[in-house]
Amino acid sequence: MAEQENLKLSKTTFDTLCKAMEHDNWHFIKHEEELKIECSAQGEDLPIDITIFVDPERMLIILMSRLPFIISEKARVDAAVAVSAVNNSLAHGSFDYDIKTGRLFFRMSNSFRESLIGEDLFMYMTTVAGVIVDRYNDKFFMLSKGIMSIEQFIDSI
């Protein structure tokens, strides 16, 4: 019984997500079976890909934005330090970094357990994610390419 209620609330939350994106004129791909959408925006310098999915099991809304490059092997330790420095300054969301593969993501989540989520939350999540990813993606890219040192990176934030 509780599982069915969670699934119903998850579907309602997903429908609200889709309505919010439509009201804000986002172009997105809807994966209804997976309760997931994919969209993108152009930042000041690099594109910003965003995936938002509703997790019925954990009752979470999860936003992920994969940065469109891989951290070079020679810069991976410096990137770990940079991710730590950036995450220390963020109020909401964080960068997830896999030092083995060099993949870098921005992640933000919110619970909808026993809650009716409004469209404003989704607009907040996409806006905050877009601003944060746009603010740091070029710095991570320059660090990866050796254009910026870790010292310069930390000074820039």
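Reply: Contact means that heavy atoms lie within 4.5 Å. With that cut-off, and leaving aside neighbours within four places in sequence, Arg113 is in contact with Arg58 and Met59. Please keep in mind throughout that this is a predicted model.

Me: What makes Arg113 partly exposed, and where is Arg113 found?

Reply: Arg113 has its place in the loop between β6 (103-111) and α3. Its relative accessible area is 46%, and since buried means under 20% and exposed means over 50%, with partly exposed in between, Arg113 is therefore called partly exposed. Along the chain Arg113 and Thr16 are 97 residues apart, and their C-alpha atoms are separated by 15 Å.

Me: What is worth noting about the phi of Met59?

Reply: Met59 is not a glycine, and yet its phi is positive, at about 60°. This deserves a remark because most residues other than glycine have a negative phi. Leu35, likewise a residue other than glycine, has a positive phi near 55°.

Me: Where is Leu35, and how do you know whether Leu35 is buried or exposed?

Reply: Leu35 is found in the loop between β1 (28-31) and β2 (36-42).

Me: Which residues does Ser10 touch, and how do you know whether Ser10 is buried or exposed?

Reply: Ser10 is found in helix α1, and because its relative accessible area is 0%, where under 20% is required, Ser10 is buried.

Me: What can be said in the same way of Leu17?

Reply: Leu17 is also found in helix α1 (residues 2-23), and Leu17 is called buried because its relative accessible area is 0%, against a limit of under 20%. When neighbours within four places in sequence are left aside, Leu17 is in contact with Ile37, Ile52 and Phe122. Leu17 and Ile61, which are 44 residues apart in sequence, have C-alpha atoms 9.5 Å apart in space.

Me: Why is Ile147 called exposed?

Reply: Ile147 has a relative accessibility of 57%, and exposed means over 50%, so Ile147 counts as exposed. Ile147 is found in the loop between α3 and α4 (150-156), and, not counting residues up to four places away in sequence, Ile147 touches Met142 and Gln152.

Me: Why is helix α2 called roughly antiparallel to helix α3?

Reply: The axes of α2 (residues 76-89) and α3 (residues 119-145) come within 10 Å and cross at roughly 160°. Angles over 145 degrees count as roughly antiparallel, and therefore α2 is roughly antiparallel to α3. The crossing in which α2 passes α3 is right-handed.

Me: Which residues make this contact, and how many of them are nonpolar?

Reply: On the side of α2 the contact is made by Asp78, Ala79, Ala82, Val83, Val86 and Ser89, and on the side of α3 by Tyr136, Phe140 and Leu143. By class, the contact has 7 nonpolar, 1 polar and 1 charged residues.

Me: Which residues touch the most other members of the largest nonpolar core?

Reply: That core has 47 residues, and Leu63, Phe95, Leu104, Phe106, Phe140 and Phe153 touch the most other members. Its largest share, 10 residues, comes from α3. Phe153, neighbours within four places in sequence aside, is in contact with Ala82, Val86, Lys139, Phe140, Leu143 and Met148.

Me: How many helices and strands does the whole chain have?

Reply: The protein chain has 4 helices and 6 strands, and from the N terminus on its elements run α-β-β-β-β-α-β-β-α-α. Of its 157 residues, 43% count as buried.

Definitions and conventions: Residues numbered from 1 in each chain as written. Predicted model: local features only at pLDDT ≥ 70, side-chain atom pairs only at ≥ 80, totals over all residues. Heavy atoms only, no water. Axes fitted to C-alpha atoms, helices over the stretch in contact; angles between N-to-C directions. Helix = DSSP H or I, 4+ residues; strand = E, 2+ residues; numbered from the N terminus. Parallel < 35°, antiparallel > 145°, perpendicular 65-115°, else oblique. Left-handed = near helix turned anticlockwise from the far one by under 90°. Nonpolar A, V, L, I, M, F, W, Y, C, P; charged D, E, K, R; others polar. Core = buried A, V, L, I, M, F, W, Y, C linked by side-chain atoms within 4.5 Å. Buried < 20%, exposed > 50% of the residue type's maximum accessible area, 1.4 Å probe, protein only.
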